[in-house]
Amino acid sequence: MSVFKGREKDAIIGLAAAAFFSLFYITGIFAPAEERIYDLFLRFRAERDRIENVVFLDVDDTAIAYNGVFPWPRSVTASGLLRLKEYNAHAAIFDIEFIDKGPEGVDAVYLNQGLSADFDRSFGEISAHVSDFAAAVESGRLSPLESGLFAGELTDLIGAERDDLFSRTRRVARDNDEFLARSAALMGSVWGTLNLRQEELEGEQAERRPMAEELFSYPLEAAADAHRGAITSVSAKPFVDVLPALPSFAQSVKGAGFTNILIDGDGVRRRIFLAQNVRDQWYLQLTFAPLVHYLGDPRIILEKRRLILKNAVLPKNAAAISPAAAADTVTQDIVIPLDTRGRMMLDWPPTDYSASYSHISFAEFSVLEDLELDMTEYVRALSQADIPFFAQFNPALMDASPLIRRIIALTDATAAALERALADCSDAAFDEYQEYRRQSRACIRELLDLDLGEKIAAITRSLEELYGESAAAIADEAEYITTAAEYLGQCLDQYEETDKRLRGGIEGKFCIIGRVDTGTTDIGVNPFWGQYVNVGTHAVVLDTILSQSFITPLHPLWSILLTLLIPVFCLLSGKFRPGLRTALGFGLTALIALVPLLLFRFAGIFLGPLGAALAAVVSVIVREIISYSGSEREKSFIRKALSTYVSGDVVEEILADPSRFRLGGIKRHMTALFTDVQGFSTISEQLDPEDLVHLLNRYLTAMSDVLLAEKGTIDKYEGDAIIAFFGAPLDLPDHALRACLSAITMRRLEQELNRGIMEEKLSPSPLLTRIGINTGSMVAGNMGTKEKMNYTIMGNTVNLAARLEGVNKQYGTWILTSEDTVKETGGRLLTRRLDRVRVVGITEPVRLHELIETKENATAAQKEKAALFDHALDLFERREWEKAQAAFNQVRALDPADKPAALYLRRTGEYLTVPPKDDWDGVFNLSEK
C-alpha cells in the first residue's frame with residue numbers, strides 16, 4: 001500500500017466529512033433541505049401527457065355568483081348529479097362534506113310547472129260542475145230537493161279539491177337532503193367523504209361509526225411492519241374516529257374516502273396516504289377509493305415501502321374510461337412505491353390549478369336547469385296566446401297549437417318520470433325522463449321552425465286594416481307571440497350549445513366536485529406553486545396511479561452510502577496538484593448532484609444528494625485550506641480575508657479565486673440601489689438611544705432580508721440608509737429586474753412593518769422609505785488598504801442612483817429609477833415616465849421613471865393612472881399646455897393625492913402664463929440633492 005503512503009490525512013478528512021454529514025441524515029436535520037432539493041428535481045422531471053379522463057366541476061366564483069353564497073341548497077347539487085348521470089359520467093367524487101342536515105328547499109319544477117296545472121285542473125272541474133248546476137236550475141230540470149242534494153255534493157267536491165290542492169301545495173317544500181340522497185342513488189356512482197377525527201365523536205355523529213365501518217371500510221391486507229397511516233410527526237395526533245356524511249346520503253353513495261391530508265413540516269404537499277387505519281378498519285383516500293373500484297376491486301396488499309394492487313384490471317389506454325376502451329384491458333399488478341412513512345409521492349403537474357386537467361364551472365348545470373324552466377314558461381306563455389286567431393289566415397300556423405299542447409304534455413310527463421325515477425331509483429324511469437325531455441326539445445325546435453313571429457308579422461298589417469277597431473289588440477298579441485317565440489329560440493340554442501359542450505367534457509370521466517372560489521380556505525402549497533387549490537390533489541392521485549408515473553424515494557441510508565465515495569476520492573486524488581485536486585473535487589460535487597437528477601428524471605427514483613455533495617465540497621475546501629495554510633503568509637492572507645468580508649457570496653467567490661483579495665476593482669455592468677427613511681432625523685430626536693437602535697435594527701433587518709433574497713449585495717449602512725448593488729460579486733443577468741423587485745417588495749413590506757412598529761409604539765411615526773435605482777457601468781471591487789478593505793462600488797452610475805433617491809422628495813414619489821434600468825427589466829414592471837433631468841453633479845440628462853408595481857400585481861386603477869399620466873406628459877413635452885393641464889386634472893381626479901400630477905399642474909399653470917423659451921428642450925435642472 002505504498003501508493004497511499006503519506007495520504008492518511010486525505011482519507012481522514014474525507015471520512016470526517018462523510019461521518020459529519022451522515023449524522024445529519026440520522027438525526028433528520030437534512031430532511032427539510034432534501035425536501036427542497038426534491039422540489040427542485042421535480043422541475044427537471046421528464047414531461048409526459050396527463051390523463052384526460054378527469055374533470056373538475058368547480059364551485060368557483062362564477063358558480064357562487066350564479067347560485068349564491070356557498071353552501072347552496074342541496075337541490076342544486078342534486079340536480080347536478082342528475083346531469084352527470086345523463087352525461088354518463090364515470091364517477092362523481094365530492095370533496096365537499098355533507099355532515100350536517102341542510103335546510104329544506106323549493107321544488108322549482110313543480111312550483112313553476114306542476115302546481116299551476118293542478119290549480120287549473122281543480123278549478124276547471126269545480127267551474128264545470130258549477131256551470132252544470134246553474135244550467136240545470138235555470139232550465140228547471142232540478143227540483144228544490146234535488147237542488148239541495150246537488151249543492152251538498154258540490155260543497156263536498158269543493159272541500160275535497162281544496163284538501164287535495166293543499167296536500168299538493170305542500171310538495172313545493174322539498175327535503176333537499178332526501179333529494180340529494182335519491183339523486184346520488186340514482187346516479188349510481190357517487191363517492192362521498194369521510195372525515196377522520198383525532199378526537200372521539202359524541203352523540204348522533206358517534207352513532208354513524210358502525211355505518212362507516214360497514215359501508216366504507218376496505219379489506220386491505222397489511223403486513224406487520226406496514227405503516228398504518230395516522231401520524232407523520234411526533235406532534236400529530238393519531239386518528240381515532242371516522243365521521244361519514246348524513247346517513248341518508250352515506251347510504252346512497254357508491255363509496256367514500258377520507259380527505260384528510262397531513263402535509264410536510266414546511267407546509268408543502270408532496271405525498272399522500274392512500275389508506276388509513278382507524279379502530280382496526282382500513283379506509284381509502286377519497287379518489288383512491290373510486291379508482292380501486294374502477295380497477296376491478298383488486299386485492300390491496302400494504303407493505304412497509306409499497307402498496308400492491310393485485311391483479312388490477314387496467315385499460316391499455318389508462319387515460320380512457322369509455323366502455324369501448326375499458327373493454328380493451330390488461331390484468332396486472334400495480335406496485336405503488338411508498339416513502340419511509342407509508343405515503344405515495346405525488347407526481348404534481350408543473351402548471352397551476354386552473355391549467356391542470358379539465359375544468360367545468362358548476363354554474364353550467366344551474367344554467368341548464370334555468371334554461372329548461374325558461375323554455376317551459378315561454379311555451380306556456382304561447383299556449384295562452386291567441387295563435388288560432390292568426391292561424392285562420394295562414395294555414396301554416398295550424399300546427400302550432402297542437403305542438404304547444406304536445407310540449408306541455410311532455411313537460412308534465414318529464415316531471416312525473418323524474419319523480420318515479422327518484423322514488424324508485426329506476427334507470428328505466430330515468431330513461432323515460434330523458435326521452436321525454438328529448439322529445440320536448442324536438443317539438444320546440446319543430447315549433448320554432450314554423451317561424452311564428454315571421455308569419456304572424458306578415459299578416460298582422462292586413463289584419464289591423466281588416467279589424468280596425470281591434471288593431472291595437474291584434475298588434476299587441478302579435479308582438480307577444482313574436483317575443484315569446486324569439487326568447488324560446490334563444491333559450492333552446494343556448495341549451496343545446498351548453499348541453500353539447502358538457503356532454504363532451506363529462507362522458508366517461510371521473511368528475512371531482514369541490515370549492516375553488518376566492519372565498520375558500522382550502523388552499524395549500526405544492527412543490528411548484530405557493531397557492532394551489534387543494535381539491536387539485538385528488539386528480540394528481542388518479543393521474544399518478546393510472547399513468548403509473550411513480551416516484552420512488554430511497555431510504556436515507558442510500559444517501560449515507562453515497563457519502564462513502566468522498567473518503568475514497570480524497571485518498572485517490574491526494575497525489576494531484578492543488579488546482580487539479582480542487583477542480584476534480586468540484587467536478588465530483590457536480591457529478592453527485594447530476595447523477596441523482598438524471599436518476600430522478602428518467603427512472604423516477606429520488607436519491608438525496610445533499611450530504612454527499614456537502615461532504616465533497618467541505619472535504620475539498622478543508623483539504624485545500626489546510627494545504628494552503630502551510631506557510632505563515634498564506635495563513636495571514638486567509639485570516640485577513642475572513643475578517644474583512646462579511647458577505648457569504650463574496651467569501652465563496654474569493655475562496656474560489658484568491659486573487660480577488662488584491663486591492664482594485666473590475667468594471668461591470670450592474671445596478672445600484674440607495675434607500676433612505678423620510679424624516680428619520682426627526683424620529684431619532686424623539687427616541688432614547690437604546691430604543692433608536694432597536695427600531696433601526698428591526699427596520700434594517702427586514703429591508704436587508706429583501707435585498708439578500710434577490711441576491712443583492714449590501715455595501716454598507718449609513719444610519720437608516722442602505723447602499724446595495726446587484727450583479728457583483730455574482731454575475732446576475734437580470735440584476736436590474738432584481739433591484740426593482742427588491743424596491744417594490746420593500747415598499748410592500750414597509751406597510752406590514754409599520755403596523756407592528758406603531759402597535760408596539762416603537763416610533764412616533766411610520767418609517768417611509770425613498771429608493772433610487774440606476775443601471776450602468778461601475779467599478780466593483782476591494783477599496784481601501786491592505787490592512788482594511790471594503791468590497792464596494794464606485795462611479796457616476798452609482799452617484800446617479802444616490803441622487804435619484806433624493807430626487808424623490810421633489811416629485812413626491814417613493815421609488816425613482818432611470819430609463820436605463822427600466823429598459824433592462826423585460827417589460828415586467830409598471831412605471832410612469834417623469835422629466836428628463838440633470839441632477840446635481842450629473843451633466844447628462846436622465847429620463848426619470850417612477851416604479852409603481854409589477855404588471856402582474858398592478859391594479860387596474862394603477863394601470864389606468866399610469867397610462868393617463870404618460871399621455872399627459874406627452875402633451876406637456878409637446879408644449880400643448882391646455883391639453884396637458886386637462887389630462888393631468890384627469891390623473892388628479894383618479895387620485896387626488898398624486899403629487900407628480902400636482903407638480904405638473906403647477907408647471908402648466910405657470911407656462912400658460914409665461915411660456916418657456918423657444919429653445920427649451922424639456923430638460924429640468926434639479927438644484928437639490
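## Ground rules

Because the model is predicted, local features need pLDDT of at least 70 and side-chain atom pairs count only at pLDDT 80 or more, while totals for chains, interfaces and linings use all residues. Residues are numbered from 1 along each chain as its sequence is written, and side-chain values use heavy atoms, with hydrogens and water left out.

Most peptide bonds are trans. Pro 71 sits in the loop between α3 (61–67) and α4 (74–86).

Further along, the bond from Ala 728 to Pro 729 is cis too, with omega near 0 degrees. You'll find Pro 729 in the loop that runs between β24 (721–726) and α28 (735–759).

## Positive phi values

Most residues other than glycine have a negative phi. Asp 280 isn't a glycine, yet its phi is positive, at about 65 degrees. Its spot is the loop between β10 (275–278) and β11 (281–284). With 63% relative accessibility, Asp 280 counts as exposed (over 50% relative accessible area, using a 1.4 Å probe and protein chains only).

Asp 451 also has a positive phi, near 55 degrees. This residue lies in the loop between α16 (427–449) and α17 (452–466). Asp 451 is partly exposed, at 35% relative accessible area; that label covers the range between buried (under 20%) and exposed.

Conventions:
Helices (H or I, at least four residues) and strands (E, at least two) are DSSP runs, numbered from the N terminus.
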